[in-house]
Every structure is written in C-alpha cells, then in structure tokens.
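Here is a friendly tour of the structure below. Have the sequence and the 3D view open side by side as you read.

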Amino acid sequence: MRSVELLRIRLPLAQPFRTASGTTTVKDALLVRVVTLDAEGWGECTAQANASYMPETIDSARLALRDELVPRLFAGSSLDPVRGHHAAKAALTGAVLDAQLRAEGRSLATYLRSSATQVDAGVAVGMREDLHELLAQITGYVADGYRSVKLKIAPGHDVDVVARVRAEIGTSVTLQVDANGSYTLDNDQLEELDAFELACIEQPLAPDALLEHARLATRLRTPIGLDETITSARVAQDAIDLAACRVVSIKSGLVGGLDEARRALEACRAAGVAARAGGMLETGVGRAALVALASLPGFTVPGDVSASNRYFAEDVTEPFELRAGRIAVPTGPGLGVTPRPDVLARCTIARERLDPGR
Ligand code: MG
C-alpha cells in the first residue's frame, strides 16, 4: 500500500430529502482512495454529516480511518480488533478490494459471485409537507419506470399519506414504507397500515428494540423490515431467530463491509427470509458497490437502487441509468466506475493524504 487519501466531497441534491431522522439538502460524502503498486481503488463511507441515522459521522469516520484503520492497513494488521466504525471499515476495505480487482481485471460482481446483469430499481421518497407535490414526485418516478417506491413515514405523516399514495399509483407498483425508528409499541397507526398491501414496514421501532419488533410482528400482517438494527450478520441471525422481522435490509456501511453483508445475506437465504439491499444516497462510488451487492440472489424485496439522477444532477462517476425499471450491473474491473477528476476538483471540500511510516 503506497498511500491512502480521504476526500470529503459535497454534491447538491436534486431535491431535499426528509426522513423521520432529519432533512438533507446537500450530500456530503467521504471517499477513500487507496493507491497500491498496481492500481488505485475507491470506497465510499456511507456515514453522513450528522449522526441522525447511524452513530458514525463523516468526521468520526475520518478520525477512525486516520488514527485506527489506515495505520493497521499500512502495518499489514487485521482491522477486526477495531470495534464499531463499520462505515469507515466498509469504505477502506471496499477501496482496497477495488484496487485489487482493478489490478486483476475482475469486476466486483464477479468477485461476489453474481451472474446477474441487471437489478430491479427502487426509489426512496422523502416526506413532504405538500401532499400534491409528494404525489406528483411519486407519479413522476413511476412514469420514469420505477416499479418500487419506498415512502418515508413518521407519526403524523403516515396512514392518510400512504392511503393517497396507494390510490394514486395502484397496486401494480410495489410500495414499502420506512419509519426510521420513529414509532413506539403504543402507536396503533402501524396496524392501520395493514390495509395498503405494503411489501414492508421498515424499522418501525428504535434500532435496539429487537424484542419489541418481535412483539409488534405478532400484531401486524405487513412484513416488518429491519434496517438500522442490522449492524452485523450476527444481529441479522438474531432478528431472524426472534421472528423480529420478515425482511432484512442489508447495508455494507452498517455491517462493516461487503463480506459481512454477504454473510448477512447468507443468513437470510438459509432461513428463507427476504432481504433487500439498502441505500444511503450514495454517489456513484458507493452506488456501484450497492448495485453489485444487490445483484446477488436472495434480495427478493426491491432495494434502494436508484439511478444517479434521482439524487444528483451531476454524479462523481459516470451515472447509473434507469432502463425499463432496471439498473445495469457494472462489468468493468473493480467497481466498474471511476470518479471523474474534473467533478472531483469541483466538489472536494477537504482532502487528507496518509502515507506509511508517518
Ligand atoms: Mg431505512
């Protein structure tokens, strides 16, 4: 390993994105670039500017990379003794893997043992004050070709909104909702959502409420999905064993990397439990890894795999495009996409280079 560079970039979002955990108007991301003797590789840290979704932030990930993870990489030591910091670990191991695969001329999908050429797209839609604007936004996505919509909900922005959206798009479009942990067992709106043929109610309760989700599951017809809760393959197995969910949302940034994500998927497949590939408003770097992961068999509920233009007017890599409701799996070496130097030059707001023996 010759060097590692941490780049904080900022891209304007095509539209503000509001969830139960907050509103995002610009996408800040931390990109990791590793340079080896043979190639360079890229990884994206999916932590956000603040800790409203996951405990890590871009700044905490940057420190974990600089002070804990990259020194271990330079020393040839395992990253396993470092507890937590899953998004930072996923970004670094992803970048190292990308460099290795680029040097070998092998695609990430091939490494993951996927043979799919496309994945079903899905679009996550934030909350909006104006219901007409929300409906117009959703019908626009359906007109674009999205066959699966995941709507953000929170107490007070749920049953009526979901009823209107379902009436607007009909039953031929898969509809899921995501509460980002904003309900408690006392809320009875969740039972009312059973009326709308939802494919999944994602993370209704707090991330650490595993037993409460199991209790809630006995009251709902709609499958419960867990997302923020799923921080390792072991937790995924616990959730399955406790019948706390029927859909497991898998994110490499939450579980600590693609290999652990694959182990979580394996737990789902072995138990016959549905999985979905979760997204984090990734730039093209993270999106390429997400699309390759989502192309594995077992992701039977459409995930958050959208085209680049759903989020960004201009992405850092060549854009992912929607074709007949699907996204093509990159076939080039490694991630199959590369950040464009001209875009990076415009959107990088801070960079830090780390060298061995520093
Ligand atoms: Mg979610």
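Asp178 and Glu202 are both buried, where buried means under 20% relative accessible area, exposed over 50%, and partly exposed in between (1.4 Å probe, protein chains only). This is a predicted model, in which local features need pLDDT of at least 70, side-chain atom pairs count only at pLDDT 80 or more, and totals for chains, interfaces and linings use all residues. Residues are numbered from 1 along each chain as its sequence is written, and side-chain values use heavy atoms, with hydrogens and water left out.

**The magnesium site**

- Asp178 (OD), Glu202 (OE) and Asp227 (OD) coordinate the magnesium ion at 2.0 to 2.2 Å.
- Donors are N, O and S atoms within 2.8 Å of the metal (3.2 Å for Na, K and Ca); water is not among the atoms, so sites may look incomplete.
- Along the sequence, the spacing of the magnesium donor residues reads D-x23-E-x24-D.
- Asp178 in strand β7 and Glu202 in strand β8 (residues 200-202) are 24 residues apart, so this pair links distant parts of the chain.
- Helices (H or I, at least four residues) and strands (E, at least two) are DSSP runs, numbered from the N terminus.

**Gln203**

- Gln203 sits in the loop between β8 and α7 (210-217), and its 0% relative accessibility makes it buried.
- The Gln203 side chain reaches the backbone oxygen of Leu205 at 2.9 Å.
- That is a polar contact, meaning a pair of N or O atoms within 3.5 Å; within protein, one must be able to donate a hydrogen and the other to accept it, and residues adjacent in sequence count only if both atoms are side-chain atoms.
- Setting aside neighbours within four places in sequence, the residues in contact with Gln203 include Asp178, Asn180, His213 and Asp227, contact being heavy atoms within 4.5 Å.

**Helix α5**

- In α5 (residues 159-169), the buried residues are Val159, Val161, Val162, Val165, Arg166 and Ile169.
- Viewed down the axis of α5, these buried residues fall within an arc of 160 degrees, so they line one face of the helix; the arc is that of the directions from the helix axis to the C-beta atoms.
- Asp160 and Ala167 are exposed, on the face of α5 turned away from its buried side.
- The packing partners of the buried α5 residues are α4 (131-144), β6 (148-152), β7 (174-178) and α6 (189-192).

- Helix α2 (residues 86-104) has 19 residues and reaches 26 Å from its first C-alpha to its last, close to the 27 Å expected at 1.5 Å a residue; the expected span is 1.5 Å times one less than the number of residues.
- Among the buried residues of α2 are Ala87, Lys89, Leu92 and Asp98.
- Gly105 follows α2 and has a positive phi, near 70 degrees.
- His85, in the loop between α1 (58-75) and α2, is a residue other than glycine with a positive phi, near 50 degrees.

**Cysteines**

- The structure holds 0 disulfides, a disulfide being a pair of cysteine sulfur atoms within 2.5 Å.
- Cys45 is buried at 0% relative accessible area, and its sulfur is 15 Å from the closest cysteine sulfur, in Cys347, too far for a bond.
- Cys245 is buried at 6% relative accessibility, and its sulfur is 7.2 Å from the closest cysteine sulfur, in Cys268, also too far for a bond.
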